[in-house]
Amino acid sequence: MANSSEVADSAVSMAAPQSTEISSMSLTMYRVSNWLKSPRPYLMVIGFAAVLSFWYFAVEVWKLPRFQDMPGLTEVFSEWFSKDPYYGLSVYTPEYYKHIGISLRRIGFAFLLATGLGVPLGLFLGWSKTFREYVFPLFELFRPIPVLAWVPLAIIMFVGSETPVVFLTFLASFFATTLNTMLGVESIDESYSRAARCLGANRWQTFKHVVVPGAMPYIFTGLQISIGVAWFSLVAGEMVSGQFGLGYVINTSYMMIEYPKIIIGMITLGIVGYSTSAMVRLLGDYLMQWRVRELALGDS
Amino acid sequence: MTAVVEQRMAEPVNESVTKGSLRIDDVVKIYDPDGAAVMAVDHCSIDIPAGEICMIVGPSGCGKTTLLNAIAGFHDITSGSIHMDGELLCGPGQMQAEPGSDRIVVFQNGALFPWKTNLDNIAFGPMMAGKLSKSEIYEKARTMMADAGLSGTENNYPGEISSGLRRRVEIVRALMNDPKVLLFDEPYRALDSLTKSVMHEALLEIYYRNKVTIFFITHDLEEAIFLGHRLIIMSSRPCKPKKIVEVDIPHPRDYSVLTSARFREIMSEAKGVVHEEAQKAFDAGEKEG
Ligand SMILES: Nc1ncnc2c1ncn2[C@@H]1O[C@H](COP(=O)(O)OP(=O)(O)OP(=O)(O)O)[C@@H](O)[C@H]1O
Ligand SMILES: [Mg+2]
């Protein structure tokens, strides 16, 4: 049957392997060029322009009623990039970087601690039903308590001004990471662990080769949330306790009526916060090449 | 209660295959979700000689997967026993079989690890066993991939290749462990009919080279007759053999078989029984709903 074998051949070539290997570098390039071709970057520029010009016109041109006391766009930016800032804080002062550095260090400690404890805890919670019955109710009780409610206790519990801030920053991150990791383990299709057992893996090998990598996408979703809430709690912590740091800058500038510094602190927080979550995302992409490649194929 | 269908004495299909016979004896499986007993498998007896391709056909939800899971050791049985090559897999004293690499499942939706490359997936079983060195394992894996027409996909992830190729990788992953029995749970359900026909021939080719026993669940009668030595047509839930159809078309087969007169005869014989059971399953569903 010449006919049917022809059909079979064409089906084989249709199913031919995609043998070209996509390196992560060329993938990044491909994504960037796609992004530039899409309307997204231009919409983004328009979005920024709209907000900034509203700020400019509202404060400096129209002088709208509730905006009189707001620092204006030009004032903030000239202060921010001034070699000799009037309020003592600009990209040229070492103090600016000291605040950023100290906030970053606290975030780093708290985030690493939350990840180091939250990921293993989440993995075990998802993996062992018995362990979960012991720990999860306790966990669920603590989780809804807002970080701000912990402030007094944190100050009483920990000595100095540094540890309470790190503890507060750690808390919300820890809950987010643990919970997402646990959900990640639950999300794993049962047939993967069954396949592993069929192929001779023991319980520990299954944990290592199926549970951990299978939960990875959720773990990184958790870490994205975690780094976000870490900044949130950090600023709250720095406002009530501690010296230095971006939250501290914002709070003291308010009390000293140095309003442009508030805005400088806020914008800096936005930039630094965004960079840290971008770093977490990059790390995730690096560790989950398989996912990146699947998504890249899905896009095209 | 005994099985309605008289069982023929099992004899080896191919003399060269001596391992991988399965004896399913009076197996009952009752699920008990919250006290509502669901009988999925009812006093089911099937004898599968070593080296046979045994096709299990039956209406949706009748309990085919349940039977397969019992053989694989994913859950226990309520009564009865299953032996492989005369050794007890599960039965009195040990109601759940221990999963192992002598019986490997190829899953309904595929279960290649998406986070491992095709090559790492294929090397997985021997790596877990740890009997061979890493370089030996990877060399064998590459050779087996090349034999199965999978060269060039070694460093791809399963998500990057077509679903037909994924199925092939999954079968090679199983064969790496020299299993006695391959358990297929409707592996080609999601494939289009063109890819399916290629997969059937590829599977037979693999079978001719490796000679394992194959326990294959399917809904697709054409697939069942094309591949199998025998069709075990199951009744609607609870599952037990209703009729056994011998496919006396000699192996090796290729796609020309599909148009032969004998194929059509067997098809019409099987169709009648299957339709009757499907109707029963449908009516039962109507009643429950
Ligand atoms: N874990 C379980 N608990 C309770 N009932 C179950 C369980 N697994 C399956 N069942 C029930 O047992 C019956 C048989 O299920 P099974 O999955 O074995 O059917 P199947 O023949 O493989 O169906 P399909 O062709 O749809 O794959 C079904 O009615 C199903 O609802
Ligand atoms: Mg099934």
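The legends below accompany close-up views of a predicted model.

**View 1. Polar atoms facing the oxygen atoms of ligand 1.** A polar side-chain atom of B:Thr65 lies 2.5 Å from an oxygen atom of ligand 1, while a polar backbone atom of B:Gly63 is found 2.9 Å from an oxygen atom of the ligand. For B:Cys62, a backbone N or O atom lies 3.2 Å from an oxygen atom of ligand 1. Taken alone, ligand 1 exposes 640 Å², and the protein buries 66% of that area.

**View 2. B:Thr66 and B:Asn69 in helix H1 of chain B.** Leaving aside residues up to four places away in sequence, B:Thr66 touches B:Lys29, B:Tyr31, B:Ala40, B:Val41 and B:His75. B:Asn69 likewise counts as buried, because its relative accessibility is 8%. With the same exclusion of residues up to four places away in sequence, B:Asn69 touches B:Phe74 and B:His75 as well as A:Arg194 of chain A. The C-alpha atoms of B:Asn69 and B:Val105, which are 36 residues apart along the chain, are separated by 8.8 Å.

**View 3. Cysteines of chain B that are in no disulfide.** B:Cys54 is in no disulfide, and the nearest cysteine sulfur, which belongs to B:Cys44, is 9.9 Å away; at 0% relative accessibility, B:Cys54 counts as buried. For B:Cys90, which is also in no disulfide, the nearest cysteine sulfur is again that of B:Cys44, at 12 Å, and B:Cys90 counts as buried at 0% relative accessibility.

**View 4. Packing of helix H11 in chain A.** Helix H11 of chain A covers residues 246–255, and its buried residues are A:Leu246, A:Gly247, A:Val249, A:Ile250, A:Asn251 and A:Ser253. These buried residues pack against three helices of chain A, namely helix H5 (94–127), helix H10 (203–240) and helix H12 (259–287). A:Ile257, which follows H11(A), has a positive phi, near 55°.

**View 5. Backbone geometry at B:Pro252, A:Lys63 and B:Asp26.** B:His251 and B:Pro252 are joined by a cis peptide bond, for which omega is about -5°, and B:Pro252 is found in the loop between strand S10 (241–246) and helix H7 (261–288) of chain B. A:Lys63, a residue other than glycine, has a positive phi near 45°; A:Lys63 lies in the loop between helix H3 (40–61) and helix H4 (73–80) of chain A and is exposed, with a relative accessible area of 54%. B:Asp26 has a positive phi of about 55° although it is not a glycine, but B:Asp26 is found in strand S1 (residues 22–31) of chain B and is partly exposed, with a relative accessible area of 31%.

Key:
Residues are numbered from 1 along each chain as its sequence is written. Chains are lettered from A and ligands numbered from 1 in the order in which they are written. This is a predicted model: local features need pLDDT of at least 70, side-chain atom pairs count only at pLDDT 80 or more; totals for chains, interfaces and linings use all residues. Side-chain values use heavy atoms; hydrogens and water are left out. A polar contact is a pair of N or O atoms within 3.5 Å; within protein, one must be able to donate a hydrogen and the other to accept it, and residues adjacent in sequence count only if both atoms are side-chain atoms. Accessible areas come from the Shrake-Rupley method with a 1.4 Å probe; for residues, only the protein chains shown count as cover. A disulfide is a pair of cysteine sulfur atoms within 2.5 Å. Buried means under 20% relative accessible area, exposed over 50%, partly exposed in between (1.4 Å probe, protein chains only). Helices (H or I, at least four residues) and strands (E, at least two) are DSSP runs, numbered from the N terminus. Contact means heavy atoms within 4.5 Å.
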